[in-house]
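Please consult the sequence and structure shown below.

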Amino acid sequence: MRAFTLLNGLVVPLDRANVDTDAIIPKQFLKSIKRSGFGPNLFDEWRYLDHGEPGQDVSQRPINPNFVLNLPRYQGAQVLLARENFGCGSSREHAPWALEDYGVRAIIAPSYADIFYNNCFKNGLLPIVLDATVVDQLFRETEATPSYALRIDLAQQTVTTPAGDVFDFGVDAHRKYCLANGLDDIGLTLQQVDKIRDYEARRKLEAPWLFS
């Protein structure tokens, strides 16, 4: 998992509430569990004018010219600005996989669905909760300002606008530690690899029949 410390990222505004995980990555793409390759199909039903299927060459598909991710000014965005209850619906971990694979490193919204919020931290994404009035301000500024970028500092837990406005956000200390060090659940476990090996060696002596 990629570590998250400090991000100066272009913002893309997705001005929709209650965006569910089936919109983030439709069900037909859930056959793969590789964690990678989902970026081209992020928001598939909104980005393209045809029905998408796994394995398609997306470069040959007709795009929706009015969808925000397809607008030239937002290409390369790393911060997704969203409305309330982002990530609702099913608990598919493919949703943060698709966002991360596309290039999104942080999301800003007034609220999230609980399971999606938890899955973001486990996959290197920083979901930031800011007050709805602040989110309204960020939407206005993003839409009015080409190349609008935010500075997100995980250590200080701040979001800073180009004009210098600073907004604090909360984050659980353990999740902050994992993000800052690029540790998912497997990475956390592997920090104890010496203890695990010692335990396995001891168990082989105590109960050799379990290892035959």
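Where is Phe43 found? Phe43 is found in the loop between helix 1 and helix 2, helices being DSSP runs of H or I with at least four residues, numbered from the N terminus. This is a predicted model, in which local features need pLDDT of at least 70 and side-chain atom pairs count only at pLDDT 80 or more, while totals for chains, interfaces and linings use all residues. Residues are numbered from 1 along each chain as its sequence is written, and side-chain values use heavy atoms, with hydrogens and water left out.

**Positive phi**
- Most residues other than glycine have a negative phi.
- Phe43 has a positive phi near 55° and is buried, with a relative accessible area of 1% (buried means under 20%, exposed over 50%, partly exposed in between, with a 1.4 Å probe and protein chains only).
- Arg35, which is not a glycine, has a positive phi of about 75°; Arg35 lies in the loop between helix 1 (21-24) and helix 2 (44-47) and is partly exposed at 37% relative accessible area.

**Surface patch**
- Trp209, Leu210 and Phe211 make a nonpolar surface patch of about 380 Å² (patch residues have over 30% relative accessible area and no salt bridge, with nonpolar side chains joined within 5 Å; a salt bridge is a side-chain nitrogen of Lys or Arg within 4 Å of a carboxyl oxygen of Asp or Glu).
- Leu210 is in the segment after helix 8 (193-206) and is exposed, with a relative accessible area of 52%.

Conventions:
Patches are made of residues with over 30% relative accessible area and no salt bridge: like charges are joined within 9 Å, nonpolar side chains (Val, Leu, Ile, Met, Phe, Trp, Tyr) within 5 Å. Accessible areas come from the Shrake-Rupley method with a 1.4 Å probe; for residues, only the protein chains shown count as cover. Helices (H or I, at least four residues) and strands (E, at least two) are DSSP runs, numbered from the N terminus.
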